[in-house]
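Dear colleague,

I am handing over a structure for you to look through, and below it I have written up what was found in it. Please keep the picture open beside the text as you read.

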Amino acid sequence: DLYCYFPSQKTQVKDLLITQHGYEESAAHLVIEKFYLKLENGHPNSSMERDVDKERTLLFELAIQETNGSKPDKGLAAECYFLWKNTRLNHIHIPDEVKAMLRKLRQSYKLLLLTNGSSAVQREKINVCQCEQYFDVIVVGGEQREQKPASSIFQECFRLLEVKPGACVMIGDDLKTDIKGGVNAGVTATIWINNNNLKPDRDSAMPDYTVKSVLEVKDILENIKDKV
């Protein structure tokens, strides 16, 4: 909900495969679906300190090979991956209304951006969106010993902000990492951004507040502040 993407990266790669490499539409679609499935599952040999570009090019290579039943095509895989990556980076942004809210909040609160993922991937997005303008501290899970929901990364955030857990509110869109991590770390409240109207699992950590948009957070923070 903080970052905003456009779905054009799938379309760009699909058009490349169809118009320049003679793929049928169904085959091009299958390549993309296989790539996203592999991306979601992660590469079995991935690690914190890895070459993400090389790894994700390999995912495209495997997706193409599985679709065609042919020999690996490293050149086409690289062409697809870098088109996908550059299209995403060209379209990712923080909406203007969210920027305005962050500027306003920063006048009254310390803001920390905590994100899971590899350093290379997350830092690219952070730099493109110029997140340093809107947050006092930025912590990337791939640069730490453990990622959300581990307690250690939350303790590091408290240390960097020079605050105690009870002075913090955790805001996030993932119950398993953001909300669970915040609850276990002892923050004063958690806010779940549920813009897809998801239903929590029975075993999920339960947030103190649920909103459909990050823009609703400001009023809730004021409410929490009045109660503390």
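A search of the whole structure finds 11 salt bridges. Please bear in mind throughout that the model is a predicted one.

One of these pairs joins Glu 61 and Lys 74, whose side chains come together with a nitrogen-to-oxygen distance of 3.5 Å. The two residues are 13 apart in the chain, with Glu 61 sitting in helix H3 (residues 52–68) and Lys 74 in helix H4 (residues 74–91), and the pair links distant parts of the chain.

A second salt bridge is formed by the side chains of Arg 123 and Glu 143, with 2.9 Å from N to O. Because Arg 123 belongs to helix H6 (residues 119–128) and Glu 143 to the loop between strand S2 (137–140) and helix H7 (151–161), this pair ties together parts that are 20 residues apart in sequence. Arg 123 is partly exposed, with 24% relative accessibility, and Glu 143 is likewise partly exposed, with a relative accessible area of 37%.

The next pair is Asp 178 and Lys 148, which form a salt bridge in which the closest N and O atoms are 2.5 Å apart. Here, too, distant parts of the chain are linked, for Asp 178 is in helix H8 (residues 175–185) and Lys 148 is in the loop between S2 and H7, 30 residues away. Are these two partners buried or exposed? Asp 178 has a relative accessible area of 5%, so this residue is buried, and Lys 148, with 11%, is buried as well.

Salt bridges can also join up into a group, and in this model Lys 34, Lys 38 and Glu 66 are linked in a network of them.

Finally, I would like you to look at Gln 9, which is found in helix H1 (residues 8–21). Why does Gln 9 count as buried? Its relative accessible area is 7%, and the term applies to values under 20%.

Definitions and conventions. Residues are numbered from 1 along each chain as its sequence is written. This is a predicted model: local features need pLDDT of at least 70, side-chain atom pairs count only at pLDDT 80 or more; totals for chains, interfaces and linings use all residues. Side-chain values use heavy atoms; hydrogens and water are left out. Helices (H or I, at least four residues) and strands (E, at least two) are DSSP runs, numbered from the N terminus. Buried means under 20% relative accessible area, exposed over 50%, partly exposed in between (1.4 Å probe, protein chains only). A salt bridge is a side-chain nitrogen of Lys or Arg within 4 Å of a carboxyl oxygen of Asp or Glu.
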